[in-house]
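User: Could we go through this structure together, beginning with the pockets?

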Amino acid sequence: MNDDLPIGRREMIKKSSLLLAGSAVSGLLNTFAPKFQLGACDWSVGKSMNPEAFDRAKQIGLQGIQVSYNTGQDHKGLSVPATLQAIRDASERTGIKVSSLAIGELNRVPYKSKPETEEWVWNSVNAAQALGVKVILLAFFSEGDLRNDDAGKKAVVERLKKVASHAEKQGVTLGIESYLTAQEHLDIIQAVGSKAVKVYYDFRNAVDAGNDIYREIPMLGKEMICEIHMKENGQRLGQGTLDWPRIAKAVKEIDYQGWMQIEGATPPGVDIIECYKDNRKYLETLFSFS
C-alpha cells in the first residue's frame, strides 16, 4: 500500500480490501458447502416402517432414512399415533433424520383405481407435517403403472387435484415416481395445477423405460425434481450399467440441492450394512454431503 496516501484514503482502501477478501472467502465456502444429503429407503435396508431402520442408517453413515408410510401388513401405518411416535423417537434417539416418506404400497393397491388410496395419500400429508418432512413419494409401478393408460392418468389427476391444496397448506410435496417420460410427468403436473406436485426422479427406472435421462434431467430441472433415488438393480452403485459420474455432472448442472436416497444397489447374498457403506463411499466420491 502507498504510505503517501492521506490517512482517510488509506483506511478506506484497507477496509475495501478486507471486504473483498471476506467476500472471496465466503464465496469459496459456499462453493464447497455440501448441497446434498444422503439417505436410504427403509425397505432397501430391510426394515420397512420400522424404527430399526434408523439404527441401520447410523451404522452405514447416512444422514437420513426414507420411511414407508404403510405396508401390506399395516395399511394405516403412520396414521396410527403410536407408530408415528415410534418413528419420531427413533429419529431423535439416533440423530438420523426422517428424510422423506414413501407409499410403495401403491404399487399393489393402485392410486388410479382403489378408493382407499385417497385416504392414504391425504393422511400421509398429515404424517409428513407431524414429522417435519417435506416430500412424499407416490409410487406408480406394477399394478399402478400409468404407461399407455390414459384413463388411469386422468383418474390420478383428479385425485391429486383433491389432495394438492391440503399438501400445499402443510408445505408438503407429492412426488410422482413412475416409468412415464419427463414430458408425461409434466403433463400430469400441469393438469393438476399445483406447486405441491412434482417428479420423484429415479435414473434406473427412467433408463429401463427407454427414456433419455440426460435430456430429461435438464428438462425437469431442480424446480420439478423434488427428490431422487440412487439405484442399481442387483449391483452396487458404480458397478452396474449406469454412468454415475455423468449423472452426477448432470445433477450438478441443474443445481439440484436436496436429498438423495439409495435404493436397491445390493447384489444377492451380501451383507446389507457393508454393501450400503460401499454405496455411500462411492457416492461421496461424486458428491459432497453434509
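Analyst: For residue classes, Ala, Val, Leu, Ile, Met, Phe, Trp, Tyr, Cys and Pro count as nonpolar, Asp, Glu, Lys and Arg as charged, and the others, Gly among them, as polar. The model is predicted, so local features need pLDDT of at least 70 and side-chain atom pairs count only at pLDDT 80 or more, while totals for chains, interfaces and linings use all residues. Residues are numbered from 1 along each chain as its sequence is written, and side-chain values use heavy atoms, with hydrogens and water left out.

User: What is the volume of the largest pocket?

Analyst: The volume is about 330 Å³. A pocket is an open set of points on a 1 Å grid over the protein atoms alone, where a 1.4 Å probe fits, with protein on both sides within 12 Å along at least five of seven lines; lining residues have an atom within 4 Å of a point. The volume is the space filled by probe spheres set on the points, which are joined across faces, edges and corners.

User: Which residues are the closest to its centre?

Analyst: Of the 21 lining residues, these are W43, G104, N107, R108 and E263. The lining of the largest pocket comprises five nonpolar, 10 polar and six charged residues.

User: Changing topic, how many strands does the barrel have?

Analyst: The closed barrel has eight strands, in the order β1-β2-β3-β4-β5-β6-β7-β8, with parallel pairing; two strands pair if DSSP finds at least two bridges between them. β7 and β8 pair over five bridges, and K231 stands opposite E263 in β8.

User: At what angle do α3 and α4 cross?

Analyst: The axes of α3 (residues 81-94) and α4 cross at roughly 35° and come within 11 Å. Axes are lines fitted to C-alpha atoms, for helices over the stretch in contact, and angles run from 0 to 180 degrees between N-to-C directions.

User: Which residues meet there?

Analyst: L84, I87 and R88 in α3 meet A127, A130 and L131 in α4, where contact means heavy atoms within 4.5 Å. By class, this contact has five nonpolar, no polar and one charged residues.

Note on methods: Helices (H or I, at least four residues) and strands (E, at least two) are DSSP runs, numbered from the N terminus.
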